[in-house]
Amino acid sequence: AEAELVRAQRFESLAMLAGGLSHDLRNLLQPLLLAGDSLQDYQHDPRLARLGKLVRDCGKRGLDMVHSMLSFASGARRAEQVRLGTLFSAFDLLMQGSVPHTVTMELTIDDPELSFDGNHTELQQCLLNLCLNAIQAMPDGGRLRVEAARVQLPEDFFQPGEPSRQCCYLCISVIDDGPGMEPAVREHLFEPFFTTKEAGTGLGLVSCKRIVTSHGGVMRVDSKRGRGTRFDLYFPLEGLAADNGEAGDQDNLEGAA
Ligand code: ADP
């Protein structure tokens, strides 16, 4: 437990560092963006105008990254309407080049028109982390499935402390047929800095869980040695029900239905 505390504290320091760094970066990027902005309107020299546009575009991208880093550090997020079909096709594009030809990736959506309150960038980040994990778990190839469907959850689905709502949920699942996990690995999955990889950070799943939780959702993992791994993310599609616990921060997320 002490080691866990140390890890959690290290994670907090990391988040603070990221927060501080983001502020400094933002102050640096903003004037750059302005400079690029005015340069790109420079009529007399098209080459300069093109350079201005480049500076502006890069500055804008940097600023977007800084914003998502800031929201990661502070836990605050910018809410927007996320359309499922758009999320998935953008994600498909994002994955191009990251899926080895030995892995087949299948995206399935029930209802592409489904829209919900969320943060597009964060949700993509979350899917990306899960899919990259799945791909890394299948070095000899395999099948990676990402599915989205509307579901109803039974009343006893939630654990104490988890935010529960009486409503329809969007379930996004990331399923691989890799080797699965030992119970010893599963137990520590959501701890900051826990990794079994040589070059791993052990922050991927922590960040996923943060994102799901900040969307009012919950996450389940089902993984058995030799039988692949399945992550299910449940996002509420409607308002709060009566007794809504605190944003569930329990770490006992293993073993779904
Ligand atoms: P990292 O990928 O940097 O190790 P994560 O938090 O994303 O950090 O994952 C923690 C650990 O969980 C991984 O090192 C791996 O052992 C295990 N893991 C995650 N996803 C899978 C998966 N799909 N199949 C098998 N093991 C997994």
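Visitor: Where does Gln166 lie?
Guide: This is a predicted model. In it, Gln166 sits in the loop between strand 4 and strand 5.

Visitor: Why is Gln166 called partly exposed?
Guide: Gln166 has 14 other C-beta atoms within 10 Å. A buried residue needs 20 or more, and an exposed one has 12 or fewer. The value 14 falls in between, so Gln166 is partly exposed.

Visitor: How many Å separate the C-alpha atoms of Gln166 and Leu70?
Guide: They are separated by 31 Å, and the two residues are 96 apart along the chain.

Visitor: What makes Phe193 count as partly exposed?
Guide: Phe193 has 16 C-beta neighbours inside 10 Å. The cut-offs are 20 or more for buried and 12 or fewer for exposed, so with 16 Phe193 is partly exposed. Phe193 lies in the loop between helix 5 (183-188) and helix 6. Its phi is positive, about 75°, although Phe193 is not a glycine.

Visitor: Which residue just after helix 6 takes a positive phi?
Guide: Gly216, with a phi of about 75°.

Visitor: What makes helix 6 largely enclosed by the rest of the structure?
Guide: Eight of its eleven residues are buried, so helix 6 is described that way. The buried residues are Gly204, Leu205, Val206, Cys208, Lys209, Arg210, Ile211 and Val212. For the protein as a whole, 22% of the 257 residues count as buried.

Visitor: At what angle do helix 4 and helix 6 pack?
Guide: The angle is about 145°, and the axes are 9 Å apart. The crossing of helix 4 past helix 6 is left-handed. On the helix 4 side, the contact is made by Glu122, Leu123, Gln125, Cys126, Asn129, Leu130 and Asn133. On the helix 6 side, the residues are Gly204, Leu205, Ser207, Cys208, Ile211 and Val212. By class, this contact has seven nonpolar, five polar and one charged residues.

Visitor: Which residues touch the most other members of the largest nonpolar core?
Guide: Leu130 and Cys131, in a core of 31 residues. Helix 4 provides the largest share of this core, seven residues. Other elements giving two or more residues include helix 3 (84-95), strand 4 (142-152) and strand 5 (168-176). Leaving out residues up to four places away in sequence, Leu130 touches Val174, Cys208 and Phe231.

Visitor: How do you know that Leu130 and Cys208 are in contact?
Guide: Cys208 is listed among the residues that Leu130 touches. Two residues are in contact if their C-beta atoms lie within 7 Å, so this pair meets that cut-off.

Visitor: Which residues are closest to the ligand?
Guide: Of the 21 residues that surround the ligand, the closest are Asn133, Ala137, Thr195, Gly200 and Gly204. The shell divides into nine nonpolar, ten polar and two charged residues. Helix 4 (120-137) and helix 6 (204-214) each supply at least two residues of it. Helix 4 gives the most, with four.

Visitor: How many helices and strands does the protein have?
Guide: Six helices and seven strands. From the N terminus on, their order is α-α-β-α-β-β-α-β-β-α-α-β-β. Among contacts between residues at least 6 apart in sequence, 74% join residues at least 24 apart.

Conventions:
Residues numbered from 1 in each chain as written. Predicted model: local features only at pLDDT ≥ 70, side-chain atom pairs only at ≥ 80, totals over all residues. Near = placed C-beta within 6 Å. Nonpolar A, V, L, I, M, F, W, Y, C, P; charged D, E, K, R; others polar. Core = buried A, V, L, I, M, F, W, Y, C linked by C-beta atoms within 7 Å. Axes fitted to C-alpha atoms, helices over the stretch in contact; angles between N-to-C directions. Left-handed = near helix turned anticlockwise from the far one by under 90°.
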